[in-house]
Every structure is written in C-alpha cells, then in structure tokens.
Amino acid sequence: MTFKKLVIASVTTAVLATGAAIAEEVKIGIAAEPYPPFASLNASGEWVGWEVEVIDAVCAAAKLDCAITPVAWDGIIPSLMGQQIDALMASMSITEERQKTIDFSDPYYNTPAVIVADKSMDIDATPESLAGKIIGIQASTIHQAYANAYFGDAAEIRVYQTQDEANQDLVSGRIDATQADSIAMADFVATDAGGCCEIKGPVANDEAILGRGVGAGVRKGDDALREKLNAGIAAILADGTHAEITSRYFTTSIYSE
C-alpha cells in the first residue's frame with residue numbers, strides 16, 4: 001500500500017471510529033430550567049447539582065458514554081419520543097399516566113411533596129386549610145395534577161413555567177402557598193430569599209398521581225438502555241456512591257424503597 005493510500009485509509013478509519021463513538025453516545029435529557037440543588041448552571045455555564053452528579057455516576061457505573069442535554073421541561077417527553085434525546089433524568093416521577101407513553105428505570109430517589117407558605121400563615125397541607133388560598137404550581141408536573149385533584153375545588157391554582165417563578169411570587173406575596181418536592185423546597189427555605197417561608201407539611205400521598213419515586217425515562221421498548229440504567233442505579237446504591245453524593249447536598253437520605 002502506498003503512503004497516500006495509507007493516509008486515506010487511516011483517515012477513513014478515524015472518521016468511521018468517530019461516527020461509531022457518536023452513534024453510541026447516550027443523550028440524557030435534563031430540564032433546561034434551573035432546579036437547584038438538583039440541576040442548575042454555574043458561573044462557568046456548566047451544569048452542576050445533585051442530579052447531574054448522579055447522572056454522571058450512573059453512566060460511569062453502567063459504562064455508558066453520556067452527554068447531558070438540556071431540554072425545556074414541557075417538551076422533554078416529546079423530545080424523547082422524537083429521538084432528540086435517548087433518556088431523561090430530570091426529577092420526573094414514575095406515574096401510571098406517564099407509563100402509558102414511556103418506560104422508566106428503577107427509582108433513584110423518592111421524597112414527599114410538601115406545601116410551603118409564609119411563616120406567618122397558619123395553614124397546613126390539607127384541602128380544608130388551603131381553601132380560598134392561591135397555590136402556585138409548576139406546569140406539567142405531578143404537583144399540578146395533584147393540586148388540581150385535591151385543592152382545585154376550593155383554592156385557586158396558579159400555574160408557572162418554572163418552580164423558581166412560583167417561589168418568587170410566594171416571596172412577593174402574590175400567591176399564598178406552593179406545592180413542590182420536599183428536598184427542593186428545603187433548599188429554597190434555607191436561602192436568604194426563602195427565609196420568609198417554611199414547609200407546612202407533606203400532602204397526603206396518592207401514588208397514582210405522585211408516583212413511586214423518580215426514575216430515568218426511556219422510549220417504550222428500549223429495554224437494553226433501561227436495563228443498563230437500572231444496573232448503574234443499583235451499582236451506585238450498593239457501593240455507597242449515591243449516599244456520598246447525597247451527603248454533599250442534603251442532611252438526610254432521599255432514597256427509600
């Protein structure tokens with residue numbers, strides 16, 4: 001083989017190898033909207049947070065070449081179905097309704113939903129106590145479905161595109177309360193901005209709406225990827241990696257069977 005042919009062959013091989021690597025890359029969709037402490041952009045424009053670290057750990061344990069891919073929350077399932085992403089790990093609860101459209105891995109965290117309001121308000125997380133109140137809810141979440149089902153008859157449900165927007169209106173007094181994940185709200189009320197408010201308690205569980213924990217979503221029938229993610233989740237739970245990551249963000253475990 002001449003030198004020229006050898007160079008061409010080498011370049012061709014490199015291109016093919018690069019194409020193969022790209023083909024094997026797994027695009028993991030996360031919500032493009034900040035959701036601290038789970039996922040948010042730092043000053044350098046990098047995605048950081050508890051869920052980002054868990055994604056990295058799961059992919060490493062499963063020997064997957066993953067690329068975090070931000071997608072607008074309300075379009076994240078359509079992006080999965082349209083193959084713009086291969087899986088999603090975006091604090092999405094495993095619910096019966098969502099399982100009609102996509103498949104889920106085993107849960108990698110599970111925490112209750114809570115009501116948060118100003119410290120001065122004498123309310124709790126019951127429909128009776130929230131009657132006549134304005135409750136802010138993030139759109140297209142289990143919290144919106146729950147609030148509509150349990151509070152919608154007696155309270156006004158105000159819908160926001162992000163939880164941050166709901167939190168801002170809570171602080172400013174434009175809404176009376178918000179419902180969201182307990183860990184995310186514990187982080188919020190611990191900030192200077194959220195110091196006005198407190199967690200009033202968990203809502204009554206309804207697994208049909210709130211789900212059985214948070215899992216990675218994959219397209220229906222993509223059992224190979226789902227099982228690899230399951231193996232990665234099981235590995236980081238077993239070897240202490242999950243607990244180690246969690247300890248750097250939270251004071252309590254956020255995983256329960």
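A nonpolar core is a set of buried Ala, Val, Leu, Ile, Met, Phe, Trp, Tyr and Cys residues joined through side-chain atoms within 4.5 Å, where buried means under 20% relative accessible area, exposed means over 50%, and partly exposed lies in between (1.4 Å probe, protein chains only). The model is predicted, so local features need pLDDT of at least 70 and side-chain atom pairs count only at pLDDT 80 or more, whereas totals for chains, interfaces and linings use all residues. Residues are numbered from 1 along each chain as its sequence is written, and side-chain values use heavy atoms, with hydrogens and water left out.

**Exercise 1. Describe the chain as a whole.**

Step 1. Helices (H or I, at least four residues) and strands (E, at least two) are DSSP runs numbered from the N terminus, and the chain has ten of the former and twelve of the latter.

Step 2. Of its 257 residues, 46% count as buried.

Step 3. With contact meaning heavy atoms within 4.5 Å, residues 24 or more positions apart account for 70% of the contacts with a separation of 6 or more.

**Exercise 2. Determine which residues touch the most other members of the largest nonpolar core, and which elements supply it.**

Step 1. This core has 32 residues, and Phe 38, Trp 50, Tyr 108 and Leu 229 touch the most other members.

Step 2. Strand 1, helix 2, helix 7 (182-189) and helix 9 (223-238) each supply at least two residues, and helix 2 gives the most, with seven.

Step 3. Leaving aside residues up to four places away in sequence, Phe 38 touches a set that includes Trp 50, Val 52, Tyr 109, Ile 183, Phe 250 and Ile 254.

Step 4. Apart from this core lies another, of 18 residues, among them Ala 117, Tyr 146, Ala 155 and Ile 209.

Step 5. As background, in soluble globular proteins nonpolar side chains tend to be buried together.

**Exercise 3. Locate the cis peptide bond and the residues with positive phi.**

Step 1. The cis peptide bond joins Pro 36 and Pro 37, with omega about 5°, and Pro 37 is placed in the loop between strand 1 (26-31) and strand 2 (40-41).

Step 2. Lys 63, although not a glycine, has a positive phi of about 60°; Lys 63 sits in the loop between helix 2 (50-61) and strand 4 (66-71), and is exposed, with a relative accessible area of 76%.

Step 3. Gln 83, also a residue other than glycine, has a positive phi near 65°; Gln 83 belongs to the loop between helix 3 (76-81) and strand 5 (87-88), and counts as exposed at 59% relative accessibility.
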